[in-house]
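Welcome! Take a moment to look over the sequence and the 3D view, and then let us walk through a few of the features together.

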Amino acid sequence: MCLSVFSFSINPYVSKGEDTILLQGFYWTSCKTHSWWHTIEDKADEIAASGFDIVWLPPSSDSLSCEGYMPRRLYVQDSKYGGKEELKKAISSLRSKGVKVIADLVLNHRVGTKDWADFTDPKWGPDSVCSDDEWGKGKGEPDTGKGFHAARDIDHTKKYVRESVINWLGWLKSSSGYSGWRYDYARGIAPKYFRIYNEATSPVFSVAEIWDDLDISNPDSHRQALCDWMNSAGGEIKVFDFTTKGVLQYALRNNQYWRLRDKYGSPSGLIGWWPGNAVTFIDNHDTAQRGEDGSVHKSWPFPSNKVLMGYAYILTHPGVPCVFWPHFFDWGIKDGIKELIRVRKGRGINSASRVNIVKASSRLYCAIIDGKIAVKLGFDYWIPGSGWEEIAAGYGYKIWVKK
């Protein structure tokens, strides 16, 4: 275990907790709803009134793929999600209501305009492609991260590439109104380059996707890898807490709630080690189950009958929670999620809140957060005792607040 992460007293990057709540503003097939930017604009009032602080939008640049993850002409903001003016209106509508917007950035790879690597908008040469890319004609340095077979791996050791990326990010902020970044496939580039881009553009919020296989019997190695990446990136970029997602859904699906407490007595996910930098979530566009929300991509779904239980956990615990669009708007559990958001914000629970795990057994998990909220997951009987008032309940969970 990395003591510089686990011991808050010597972690140089620890900051005060924040009460931010994210909404992932799309799912895998949102690009088939034209214009998706109109949908975002139409929902802006409800998004703001529900307590969301930031909306994460899908990649908005021109792309070979409908979903936006095969970027082609970066400066062209007309995509399958809608036109550039519609995008600006959607972002402006959210910002006018106090909701910030972060862009989904695909920096690891890119496709050519007409061929394998004839990059335009901005124009880059063959030396911008890693020498070990499948194209076979890349004249750049070897890849600094993991490869991506479906597009050209970009060489970020090139100064002109880095300057070009920084200029583009600045343009996204000034022309479209973005306030921060979600870094896609961050395993594909050395962390130091994300640090360079982050420091050069000063986003109000940034989070990276580091999705590696999880050994459910050894979550420490998984969250250690997340901590190592964040340390290498300077500690200023958050990461999605895939460890918490994996452990939580396994525990709920298999009635093994004891997995939610690690050997140190803390939560078993990244929120047990570096909660202020952990963005917790139940599902996203990659993991959601096929058929339930139109997702046709990767699949690592949360148990569908226990999704609201999952939100009862992440919305009462530390970390920065992120709610998935279909869960909020399409699953019929909106009122339950809104109630949990109200409890979190009303009691001042934040990303650095303290968790006292009272019980973690095969069928029951009970914890008290900041001495303000008591939460129970599971179907066995438990109450926090006198002086508490039940404030929220649903299938498999109950929440109390201090009177």
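## A charged network

In this predicted model, glutamate 209 forms a salt bridge with arginine 182, and their closest N and O atoms are 3.5 Å apart. Glutamate 209 lies in the loop between strand E7 (206–208) and helix H7 (219–232), while arginine 182 belongs to strand E6, so the pair ties together parts that are 27 residues apart in sequence. Both residues, glutamate 209 and arginine 182, are buried.

Arginine 182 also meets the side chain of aspartate 104 in a salt bridge (2.9 Å, N to O). This pair links distant parts of the chain, strand E6 (residues 180–183) and strand E3 (residues 100–105), 78 residues apart. Aspartate 104 is buried too, like arginine 182. Together, Asp104, Arg182, Asp184 and Glu209 are linked in a network of salt bridges.

## Another salt bridge

The whole structure holds 21 salt bridges. One of them joins the side chains of aspartate 62 and arginine 73 (3.0 Å, N to O). Aspartate 62 is buried, with a relative accessible area of 7%, whereas arginine 73 is partly exposed at 27%.

## An open sheet

Further along, 5 strands form an open sheet with antiparallel pairing, in the order E11-E12-E13-E15-E14. Strands E11 (355–360) and E14 (388–394) stand at the edges with a single partner strand each, so one side of each has no neighbour in the sheet. From one strand to the next, the twist averages 20 degrees.

E14 and strand E15 (residues 397–402) run antiparallel and are joined by 6 bridges. In their hairpin, with 2 residues between the strands, glycine 396 takes a positive phi near 80 degrees.

Terms used: Residues are numbered from 1 along each chain as its sequence is written. This is a predicted model: local features need pLDDT of at least 70, side-chain atom pairs count only at pLDDT 80 or more; totals for chains, interfaces and linings use all residues. Side-chain values use heavy atoms; hydrogens and water are left out. Two strands pair if DSSP finds at least two bridges between them. Helices (H or I, at least four residues) and strands (E, at least two) are DSSP runs, numbered from the N terminus. Axes are lines fitted to C-alpha atoms, for helices over the stretch in contact, and angles run from 0 to 180 degrees between N-to-C directions. A salt bridge is a side-chain nitrogen of Lys or Arg within 4 Å of a carboxyl oxygen of Asp or Glu. Buried means under 20% relative accessible area, exposed over 50%, partly exposed in between (1.4 Å probe, protein chains only).
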